[in-house]
Amino acid sequence: MDYFRYVDGRLLCEDLQIEELAARHGTPLYIYSRRTIVEHFQRIREAFAGVETLVCYSVKANSNLALLSAMRREGAGFDVVSGGELFRALRAGADPARCVFAGVGKTDEEIEYALERRIFLFNVESWAELENIDRLAAARKTTAQIALRLNPDVDPSTHTYITTGKKENKFGVDLELAVHILDRWKELSAVRLVGIHLHIGSQILKVEPYVDALAKVKGFLAACRARGHALAWIDMGGGFGIFYKDRDARPAREFADAVVPLVKGYGCGLILEPGRFIVGNAGILVTRVLYLKESGKKKFVICDAGMNDLIRPTLYSAYHRIWPVRTEPQVSGPAPDESTWKGPSHVTDVVGPVCESGDFFAKDRSLPPVGRGDLLAVFSAGAYGFSMASNYNSRPRPAELLVSGGEALLATERETYEDLVRRERTN
Ligand SMILES: *Cc1c(COP(=O)(O)O)cnc(C)c1O
C-alpha cells in the first residue's frame, strides 16, 4: 500500500505531479509520501495492540530528519546503531527514554553519549561490550539498562548480506555463551538486564523464523529469571519484508498474530524495530534518461541517477520496479509492471553514469519505449536508498522531498560541488 498512483498516465505522489516536482527540484530526486509512512507505522501499532509494544523506528533505513520527526509525532521511539543516528533522532525531537542502541562495535564515545542522554536500552552483542558499558556506566555513577542480543541460529530465508541471526553472523551472542554471561553477571555493578533482543534479518517474508527464534529463547528467559533478573522486554528487532516485485510480503497482522501470544506468554512487553516496512514503499527515486545506447544485442537506458544514489540493485541483487513517470494516458492506478503491461516494450538494462559495471538499476528489463529527457520512477526506494547514498565519482547526493497531501517539503537540499570539498584542504 502506498500513495504513488498514475492518473491518466501521469504519476502522482499523494496530490502532486511527479513531473512538476522534478521540473522544480531537478533529478535525481528522492520523493517520499508522508501519508504512506504514517499509515505503515499505524498498521504495525494496531496489529501489535494486544501486548504492550514500543515501536522503535530503525533509523538506518532512512535517517532524514523530516521523516524522523514525522514518526516521532506519531509516537515512535527509535532504534539506532551509531552515535550519529542517536544524534539525528534527538535532533528530530526523540525522547531518549524511547531510544534503543544496537550494534557490535559501539565505541566508548558512543556509549558515553548514550549514557549521558539516558537512552532506554543498550542492545548488547558480546561479553566484552557488556564489560565496557558496565565500566563506563560505573564511572558515571549511573546504571545502564541492557537487553542481551541473542543469536538464535535461525534462517530467515533472505539475502545472505541481510541475514543476522545465524551462528556464522557477527551479530548477537549464541545461547550457550549467553548462559555463561549470566553466570558472570555478578562481576558487573552498573548494568541491569531487562530484556533480550532478537533481530534475525531483513526483508523477511515468513512468520516462522520469528516464531522459531522466540521458541529457542524460552529456556534462556527462564535461566535469567531463575538468577533474579526481572526480564520485562523482548525486542524482536525489525525485518518485516515489503513488496518489491511479487506480492509476497506478509501483512503486519500475520506477524502479530504469531508473535503476540508468545511474548505475552513469556510475561514481557514487546519492542519492535521496523525500518523497511515503514519507509520502503513510501519513497521513489526519480531519474531522467540521458541517452539510449546499443551494444551488440544489448540495449541500455542511461539515466542521471547511479549506484551512488541507490546501491541496492548491485549490493543485494535487489529488484526495484521501474516505470516512466509519464506513460500511456489510459493508465490509472498503481504502476504497471513487465508482467501486466500489454503495450509496446523493449528489453533493456537501466544503468547510471558511474564508472562501474555494477552501476545498474535493472538488467534485461521489459520497459515501454523511452527517449532522452523522459523521467523514470524507481519504486520502493524509501528504505536503504538515500541512507546508503555516497559521493562516489564525486557526485553530489540528490535532494529529498517529503510530500504531504498537496505540499512538498524540501527535506534535504541537493548537494553542490562546493559541498563535496567543504571539509578538504589543498596544499
Ligand atoms: C537494520 C536493523 C533493523 C531494521 O531492519 P528492517 O529490515 O529495515 O526492518 C532493526 N534492528 C536492527 C538491530 C537493525 O540492525
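Lys-298 is partly exposed, with a relative accessible area of 30%, where partly exposed covers the range between buried, under 20% relative accessible area, and exposed, over 50% (1.4 Å probe, protein chains only). What we are looking at is a predicted model, in which local features need pLDDT of at least 70 and side-chain atom pairs count only at pLDDT 80 or more, while totals for chains, interfaces and linings use all residues. Residues are numbered from 1 along each chain as its sequence is written, and side-chain values use heavy atoms, with hydrogens and water left out.

The partner of Lys-298 is Asp-364, and their side chains meet in a salt bridge at 2.8 Å, N to O, a salt bridge being a side-chain nitrogen of Lys or Arg within 4 Å of a carboxyl oxygen of Asp or Glu. Because Asp-364 lies in strand S18 (residues 360-367) and Lys-298 in strand S15 (residues 298-303), the pair ties together parts that are 66 residues apart in sequence; strands (E, at least two residues) and helices (H or I, at least four) are DSSP runs, numbered from the N terminus. Asp-364 is itself partly exposed, at 49% relative accessibility.

Let me turn to Arg-397, which forms a salt bridge with Glu-415, the closest N and O atoms being 2.9 Å apart. This pair links distant parts of the chain, 18 residues apart, with Arg-397 in the loop between strands S19 and S20 and Glu-415 in the loop between strand S21 and helix H13. Glu-415 is buried at 18% relative accessible area, whereas Arg-397 is partly exposed at 25%.

By this rule, the count comes to 17 salt bridges.
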